[in-house]
Amino acid sequence: MAKSPNAFRTISEAADEIGAPQHVLRFWETKFTFVAPLKRAGGRRFYRPQDLVVLKAVKRLLHDEGMTIKGVQRLYKEQGLKRIAAWGDPEGLVSFEPDGVVVEPVAAKPAAAPAPAAVAAPVSTVRLRQALAELEGAKARLEAALSRSA
């Protein structure tokens with residue numbers, strides 16, 4: 001029987017869901033003050049749904065977007081947890097209050113509804129660089145074709 005989406009996860013379950021080893025999750029706790037799972041007696045970690053969203057965001061920022069640890073720390077300092085969470089929950093399925101606390105998961109939004117501007121899915125810098133390279137290539141081909149016809 002699968003756990004409820006609102007159920008707490010152990011570190012092994014969180015690591016499997018995030019796609020990062022357990023020791024990496026522990027390391028991120030030391031580097032990011034906003035990564036703070038609940039700790040029970042004996043030091044066992046339990047991750048809430050909002051913790052998983054934040055961990056997914058950290059993984060995406062570090063591994064997919066190429067940010068540094070200091071870059072993620074700066075992003076948190078300048079834009080807050082809600083903006084970081086947008087990287088881990090681009091559909092906005094988890095509701096973050098201004099102080100960073102999750103009220104409760106919200107129902108899935110209709111596909112046609114646009115995401116609010118404050119938590120819109122961030123654009124990948126990799127995709128932007130690819131688009132720029134394609135545009136520069138098209139520009140070079142156009143300039144070559146124009147110089148031949150002139």
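Reader: Are R60 and E65 buried or exposed in this structure?

Author: In this predicted model, R60 is buried, and E65 is buried too.

Reader: What makes R60 and E65 a salt bridge?

Author: The closest N and O atoms of the two residues are 3.8 Å apart. The cut-off is within 4 Å, for a side-chain nitrogen of Lys or Arg and a carboxyl oxygen of Asp or Glu. The value of 3.8 Å meets that limit, so R60 and E65 count as a salt bridge.

Reader: How many salt bridges does the structure hold?

Author: There are 6 salt bridges. One of them joins the side chains of R9 and E17, at 3.6 Å from N to O. Another joins K56 and E17, at 3.4 Å from N to O.

Reader: What does the pair K56 and E17 tie together?

Author: K56 lies in helix α3, while E17 lies in helix α1 (residues 11-18). The pair therefore ties together parts that are 39 residues apart in sequence.

Reader: Why is K56 called partly exposed?

Author: Its relative accessible area is 32%. Buried means under 20% and exposed means over 50%. K56 at 32% falls in between, so K56 is partly exposed.

Reader: Is R9 buried or exposed?

Author: R9 has a relative accessibility of 12%. That is under 20%, so R9 counts as buried.

Reader: Which residue stands opposite R9?

Author: R9 stands opposite Y47 in β3.

Reader: What makes β1 and β2 edge strands?

Author: The sheet is open, with 3 strands in the order β1-β3-β2 and antiparallel pairing. β1 (9-10) and β2 (38-39) each have a single partner strand, so one side of each has no neighbour in the sheet.

Reader: Where does α3 lie relative to the strands?

Author: α3 lies across β1 and β3, at about 85° to β3.

Reader: How do you know that D51 is buried?

Author: D51 has a relative accessibility of 8%. The limit for buried is under 20%, so D51 counts as buried.

Reader: Where is D51, and with which residues is D51 in contact?

Author: D51 is in helix α3 (residues 49-64). Setting aside neighbours within four places in sequence, D51 is in contact with A36, P37 and F46.

Key:
Residues numbered from 1 in each chain as written. Predicted model: local features only at pLDDT ≥ 70, side-chain atom pairs only at ≥ 80, totals over all residues. Heavy atoms only, no water. Helix = DSSP H or I, 4+ residues; strand = E, 2+ residues; numbered from the N terminus. Buried < 20%, exposed > 50% of the residue type's maximum accessible area, 1.4 Å probe, protein only. Contact = heavy atoms within 4.5 Å. Pairing = 2+ DSSP bridges. Axes fitted to C-alpha atoms, helices over the stretch in contact; angles between N-to-C directions.
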